[in-house]
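Okay, everyone, thanks for coming. Let me put the structure up on the screen, and then we'll walk through it together.

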Amino acid sequence: TPRVFSGIQPSGGLTLGNYLGALKRFAEKQDEGIETIYCLVDLHAITVWQDPEKLRHQTREAAAAFIASGVDPARSILFNQSQVSGHAELAWLFNCVARLGWMNRMTQFKDKTAGKNAENSSLGLYAYPSLMAADILLYHATQVPVGEDQKQHVELTRDIAAKFNHDYKTDFFPIPEPAIEGSATRVMSLRDGTRKMSKSDPSDMSRINLTDDADTIAQKFRKARTDPEPLPSEAEGLKDRAEARNLVNIYAALSGESVDQVLRSHGGQGFGAFKPALADLAVSKLAPISAEMARLMADPAEIDRILGQGAERADAIAAPILAQTLDIMGMIRSR
Ligand code: TYM
């Protein structure tokens, strides 16, 4: 039976990239009637320094973003990773399955340590993909909706599952599929069409935050970097125009139209007209989300209650799978 698992790091405010690449699609998967498990991966967040008070706040805020985006804690399981101890335990087991060479090929680790002293990175940052494999396989999840940037990590998860099955002569772990779908699988920075939109970019003008107000959203799109040409009327015409393509992709994902449909109605338009139309569309979709987030954040105890209840439901699935994994590996289970 299909089961969806995905996660988001509560390591800062969430962006339009997280919304279009992940949150919006998480709600869609749930609405398709598939079993859906969504996780705020606080253990992943601490692979780089997190101030404890801020981490608590950001975890609640990210939970509010899930709910405001349409993830219903009654229909999906929504919880924070550290409340289900099986994640850390299975990650250790997978640390003994995954190979150093596999970790060395992970581009996210290379990107995160580029230009820095890699020797001073946490050991957790290096082992990060093994914990992510544990997240997914702890639930025998079959589908992992993510943005393009997480594809390599899901492929590593497949490799770990396959090696475990091979080494222990079993078919215990299903091989999960990445679900990378739609026109916004890689939302780019508004300042540089070659970099992805990211909560860790030093420039706030590079991204739309889910908590930005209408004026800020309009201003960020107005100042977004573009070329001087009008929009083409066919997708082919966006080929060498990364910034233009990004704005059209964002418009398509927000409106639910295809890129071709967007270009049919906006082709020939200059950015002087397209950017305000995009800003209006973004505000109309994001304002209700940020309002709902603010409403939920007024009652942090209620958010904590939802996460606790989600964790109990998650643990009920995870605990037997962890126990069977330990058994397969030859650990005595006698208490
Ligand atoms: P994270 O927290 O960086 O991002 C959360 C999700 O948002 C997507 N995303 C984007 N999509 C499109 N355009 C963008 N600019 C953009 N930026 C972010 C990401 O692809 C991701 O789907 N390692 C993961 C978290 C994780 C996880 C998991 C995911 C931990 N365990 C298990 C799936 C399954 C991460 O750092 O995502």
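This is a predicted model: local features need pLDDT of at least 70, side-chain atom pairs count only at pLDDT 80 or more; totals for chains, interfaces and linings use all residues.

Let's begin at tyrosine 168.

Residues are numbered from 1 along each chain as its sequence is written.

Back to our tyrosine. Tyrosine 168 sits in the loop between helix H8 (151–167) and strand S5 (177–179). Helices (H or I, at least four residues) and strands (E, at least two) are DSSP runs, numbered from the N terminus. Leaving aside residues up to four places away in sequence, tyrosine 168 touches Ile328 and Met329. Touching, or being in contact, means that the C-beta atoms, placed from the backbone, lie within 7 Å. Tyrosine 168 and methionine 329 are 161 residues apart along the chain, yet their C-alpha atoms are separated by 7.3 Å.

Lysine 169 is in the loop between H8 and S5 too. Lysine 169 counts as exposed, because it has 8 C-beta neighbours inside 10 Å. Its phi is positive, about 50°, although lysine 169 is not a glycine. Most residues other than glycine have a negative phi. Histidine 140 has a positive phi as well, near 50°, and you'll find histidine 140 in the loop between H7 and strand S4 (143–145).

Now zoom out. The chain has 13 helices and 5 strands, and 42% of its 335 residues count as buried. Among contacts with a separation of 6 or more, 77% come from residues 24 or more positions apart.

There are two domains: domain 1 (3–179 + 299–328) and domain 2 (204–295). Those bounds come from an automatic or database domain assignment. Taken over C-alpha atoms, the domain centres are 29 Å apart. Where they meet, domain 1 puts in 11 residues and domain 2 puts in 10 residues. On the domain 1 side, H3 gives the most, with 4 residues.

What about the inside? The largest nonpolar core has 90 residues, and those touching the most other members are Ile37, Ala63, Ala65, Phe66, Leu78, Ile250 and Ala282. A nonpolar core is a set of buried Ala, Val, Leu, Ile, Met, Phe, Trp, Tyr and Cys residues joined through C-beta atoms within 7 Å. Helix H12 (residues 271–297) gives the most to this core, with 10 residues, and the core draws at least three residues from each of domain 1 and domain 2. Take alanine 282: not counting residues up to four places away in sequence, it touches Ile208, Ile217, Phe221 and Leu254.

Last stop, the ligand. Which residues are the closest to the ligand? Those are Gly7, Gln9, Gly17, Gly21 and Gly147, out of 26 residues that surround the ligand. A residue is near a molecule if its C-beta atom, placed from the backbone, lies within 6 Å of it. Strand S1 (3–8), H1 and helix H7 (123–137) each supply at least two residues of that shell.

Terms used:
Two residues are in contact if their C-beta atoms, placed from the backbone, lie within 7 Å. A residue is buried if 20 or more other C-beta atoms lie within 10 Å of its own, exposed if 12 or fewer, and partly exposed in between; C-beta atoms are placed from the backbone.
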